[in-house]
Amino acid sequence: MAECHPVGFQWVMEAKERGAKVFHVDPRFTRTSAVADEHLGIRVGTDIVFLGALINHVLQNGLEFREYVENYTNAATLVREDFVDADDLGGVFSGWDPESGTYDQQSWGYDGMDVRAPAGSPFKKDAVDDPQEGDDAQTSSGEQSHGAHGADVGDPDELKTDPTLQHPRCVFQVLKRHFARYTPDMVERVCGIGPDQFARIADAITENSGREKTTCFIYSVGWTHHTTGTQYIRAASILQLLLGNMGRPGGGIMALRGHASIQGSTDIPTLYNLLPGYLPMPSAAPPGEDDLAAYIESNEPEGGFWGNARDYTVSLMKAWWGEHATAANDYGFGYLPRITGDHSIYPTIMGMHEGEVEGFFVMGENPTVGSANSKLHRMGMANLKWLVVRDLQMIESATFWKDGPEIETGELRTEEIGTEVFFLPAATHAEKSGTFTNTHRLLQWRHQAVEPPDDCRSELHFTYHLGKRIREKLAASTDERDRPLLELTWDYPTHGPTEDPSGEAVLKEISGYTVADGKAVGGYRELKDDGTTASGCWIYSGSYADEVNQTARRTPNTTGDIASPAPEWGWAWPLNRRVLYNRASADPAGKPWSERKKLIWWDEEQERWTGLDIPDFAGDMRPDYVPEKGAKAEWALRGDDPFVMQADGKGWLYAPSGLLDGPMPNHYEPHESTAQNLVHPGVQASPTRQIEEREDNRSNPEPTEDGHAVYPFQVMTFRIAEHHTAGGMSRFLPHMAELAPDPYAEVSPELAELRGLQHGEWATLVSARTAIEARVMVTDRIRPHVIGGRQVHTIGLPYHWGPNGLAVGDSANDLLPIVMDRNTHISEFKASTCDIVPGRRPRGADLEPFVQAYRDRAGSPGRPITPVEPGRTPEHHGADQRPIPPEELDRPLAGTDPHGPPKDYGTTEHPPLGRGREPDWTPPEESA
Amino acid sequence: MSTSPLSITHTPPANRGSVSYGEEQQPRKGFFTDTSLCIGCKACEIACKEWNHVPADGQHFSGESLDNTNALGANTWRHVAFIEQKVPADEMDLVGRAQLSPDVPLEDAVDGMRWLMSSDVCKHCTHAACVDVCPTGALFRTEFDTVVVQQDICNGCGYCVPACPFGVIDRRKEDGRAWKCTLCYDRIGDDQTPACAKACPTQSIQYGDLDELRVRAGERVEALHERGVDQARLYLHDESDGIKGAGAFFLLLDDPEVYGFPPDPVDTAHHLGESWRAAGMAGLTMVGVVAGAVAWGLRR
């Protein structure tokens, strides 16, 4: 966090000054580790084992916040009888279909749960009219709505529960059994974290949770960039719910976003499967089922705030199509785009290769550096008809056709590339006004300081004027398909010499207004489903309440009470509440759990909720409120149901639906790993992971396969404070470029010795995809682990570089395969394998033969999509804490082991203390 | 008296600055750099260069931990040092626990690793040799008791460069003139915080009235000691050292040498008067000898 979010990290430092303990779990010792109380050097890709062991520690020792768990989570709910845990099926959950490589999720449901079509869309399998989708049909039905709202659980009254949490099928007991195999011993063997250190963090977390104290988890792409990334977050959620750390001050799970306003770009999404406010994008459906009613039917559960989905959806369409959105035309529901499958970024790139995708906009991104296997991205873009790149600098994505790596190797020839490339200079954040929405859901208005120079323009300007021009060209069209464009409300006031549209006018439209008089609404509670209100994003509704730009407020906390969340500093969605699910900050009777951790509470005299934050439910809902039959939305939940976005109002320790890879987290090794899966020896990597299976996206062999030793080292990419993501905002600036001029690879002294790498010299890293070069950084900040009796090396590789700008070099992402978490379509940037050898990589046409020689040595052309052995052995049934057979644990690797016998590790030369200016590996006599 | 080198006087420290500004004299301003809060983000380096239009220092992969600007110089006025050391657990008590929590048992001092970070800057010495040796008056002491080079006066003689006991001031290759931190003279005169302190996210760099900073620093050291960080100490914070204290002082977590600071800096101009007197005496002696020789010759 200190590396990539140094400004936000000030609050961690502040908390530390006030007595908080800071633990840093990271394979590398980073700037964060340097100031943390303790650094835990975990092996890449094993966080579920680590978090699972913490969960197990809580459950086995009865350390959960019992009252919280009993009342606020789904711990008491019974799971269906036919659910079988992965422990009993050799590593996969019940419902596994090895043919399609997907799960039938029915058996994961609650006992008594009325099973409906997967929440998200009225899309039906038989509507897919694309033979290529084939076994992806499952993908299209439920999967594409992932990231949208919580799933429906049917009628809560029908669900069976055991409030004593004793029933063997209640979530609490299912959980207890599931996590029983995640022991401190397992943590040591799989993660490489010793039992003493594990005990310290386990004690610290449990001692600092409960009525008086809370513990917070902070994560970033170190968790999400895995084929099991979603389940990492789920594991943290389970732990935080058990400890009562959700919905309370100082608790929670903080997702640090990668750059400015990327939270905003999912709230009002640039994602193909979401409409603003996490409403799912409708999917193609047969006539008769493709209407607003069907969409609402599958997206509006009875309970919780999604129960008002129709209000949000109709108001959204009213904002977009104004007077053209009427009850008669379903408020323009037919105008919304439809999705027919996975249109996330990687399939889109593949679509370029296949000629299905003809044009591409690149705005504020540099995919030819930032995407996994970025060569595939460049080759795809060379097959487009047109490409538009808007950026501050002439980034690689705009120039790959004339000086990209494939021009050097001869794989692409400029004169043969038909892509027409348009480069449009963009205005910087100081040259335009608008909002940023960052990690904390806070919308903060930023004022324009200067006019953008020359032809530089804001995104708003570009989009608005592009829309205007397209509409002018289509003005005479009578084609039905042009109506959504021609009937858009597309008329914003402009200002200044460049006719820049007013960001405030857009914000007001997003916030919402009553159609009759155009007056700003106060928030989403005022939105209606009858076309009388408009709002471009329901969760942002209220950001322009009272005709005031609420996001531009700058009143710091002046109350003197440090517990105050400074409610007039910017504006947080939804409805300016600063802690989501804050009902959980009080006990079921409405009293704060403790004076120290108070946030909101029930005032019996006033018959209202009051406190430091705004309650995220009706302020007059009594704590003992019990809904009557037929109650809707928030009123369908009880007065002590804090998780108001869930259909049952409970925090989900177990996810009965909504996930594609299992109802509970389960450890699988990364797609490319240096170690065998010791938790489930029969299933090496996540069985549901999504692989782009192509010759130019070949995978390195698994640890059990011959040829694994060809790519024997784990490599993890990361960011450093010196550069910004794919480099467009840093590598081109001399002051930034000099801070980290060359790409480098961090290797341990042990690995350097093993491979003969010289500090500061060049090394070549090679995978089945390609080879890149980087400077060698020999450092003790990265340590080998001993796993299964052998030393496992990790290489740390910052990814920021590319051939353009001042600080230039090979892109680390070229090395990686495209392999994704099927829930999110996020690629596994954090774990792959490679080899590293001294010296610079071959240039030009010599590169490919060099890489091919490695592929030849590695043997098999790649792995099948689903390399699992479901239902491994019946004798494994029923054992909760089955030890791994020793022969499994220490099974030697196939092929040649390049490491030789395991070394005694941790005994490198300790350099004399000194300035630190001399490298640590300098012999003592030289630096003395 | 005359203006001959023999009669050079050393301004008494207490009167420095204040004598010439009279009513315009401001409280002495300075930096307190608390390295226990530094996260090494380098925002100070960048903010300084941006505000002061300092050119880039050149691209060079040094391999010295994450440090590629390497030292203070004409084109780097704030510099973040990274002291990366592998420390055997049994030596942890000898080198200081650094930022490790005292709760971690010594034998578990994980990884035996420490990574100290520290943002260095011109010290704005009370006894500033650079000012004393500057023949053109380009280096001067401001009303805030800070030391600043006037670029329109500097003739690039470079006397100040070896005079600095910290190796701070340096000549820029391109124009030959001497450059260094101005403590953002143009900002503080406008009641603005210097760029580096403004940009520092963790308040590792604190700016203010020196008297107040010294009090704050003293309290900070005490607090750290109470938390078991015994190695915390202040550097250049009082007037007992060889430069009679600095305007920019530091809280360190180990000996100054570990960070590349001289443990016992001395105002190199301190003995300038004596030196000149000695040189004068030598000159006179020489004149005497020559005169004697001539006289002897004449007599012959």
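This report walks through a predicted model of chains A and B, from overall scores to single strands and a helix.

## Ground rules and confidence

Because the model is predicted, local features need pLDDT of at least 70 and side-chain atom pairs count only at pLDDT 80 or more, while totals for chains, interfaces and linings use all residues. Residues are numbered from 1 along each chain as its sequence is written, and chains are lettered from A and ligands numbered from 1 in the order in which they are written.

The model scores ipTM 0.87 and pTM 0.89. For chain B, the mean pLDDT (the predictor's confidence in each residue, from 0 to 100) is 86, and 84% of its residues reach 70 or more. Two stretches of chain B deserve a flag: over residues 93–102 the pLDDT is below 50, with 24 contacts beyond near neighbours in sequence. Over residues 106–110 of chain B the pLDDT is also below 50, with 13 such contacts. Here, two residues are in contact if their C-beta atoms, placed from the backbone, lie within 7 Å.

## Chain A overall

Chain A has 26 helices and 31 strands; these are DSSP runs numbered from the N terminus, with helices being H or I of at least four residues and strands E of at least two. Of the 928 residues in chain A, 54% are buried. A residue is buried if 20 or more other C-beta atoms lie within 10 Å of its own, exposed if 12 or fewer, and partly exposed in between, with C-beta atoms placed from the backbone. Among contacts in chain A between residues at least 6 apart in sequence, 72% join residues at least 24 apart.

## Where the chains meet

On the A side, 47 residues are in contact with 43 residues of chain B. Elements of chain A that give two or more residues to this side include α1 (6–17), α8 (195–207) and β25 (771–778). The most comes from α1(A), with five residues.

By type, this side of chain A divides into 21 nonpolar, 11 polar and 15 charged residues. Ala, Val, Leu, Ile, Met, Phe, Trp, Tyr, Cys and Pro count as nonpolar, Asp, Glu, Lys and Arg as charged, and the others, Gly among them, as polar.

## Two strand pairings in chain A

Let's look at β28(A), residues 794–798, where five of five residues are buried. A:T794, A:G796 and A:P798 point one way from β28(A), and A:I795 and A:L797 the other way. In a regular strand the side chains alternate between the two faces of the sheet. Five bridges join β28(A) to β22 (residues 713–718) of chain A, and the two run parallel; strands pair if DSSP finds at least two bridges between them. A:M716 stands opposite A:G796 in β28(A).

Elsewhere in chain A, three strands form an open antiparallel sheet in the order β21-β29-β30. β21 (690–691) and β30 (826–827) of chain A stand at the edges with a single partner strand each, so one side of each is left without a neighbour in the sheet. Two bridges join β21(A) to β29(A), and A:Q690 stands opposite A:M820 in β29(A).

## A two-faced helix in chain B

The buried residues of α8(B) are B:L210, B:L213 and B:A217. They cover an arc of only 50 degrees around the axis, which puts them on the same side of α8(B); the arc is that of the directions from the helix axis to the C-beta atoms. An α-helix has 3.6 residues a turn, so residues three or four places apart point the same way.

The buried residues of α8(B) pack against β1 (29–34), β8 (205–209), β9 (233–235) and β10 (248–252) of chain B. The face turned away from the buried side of α8(B) carries exposed residues, among them B:D211, B:V215 and B:E219. After α8(B) comes B:G228, whose phi is positive, near 95 degrees.
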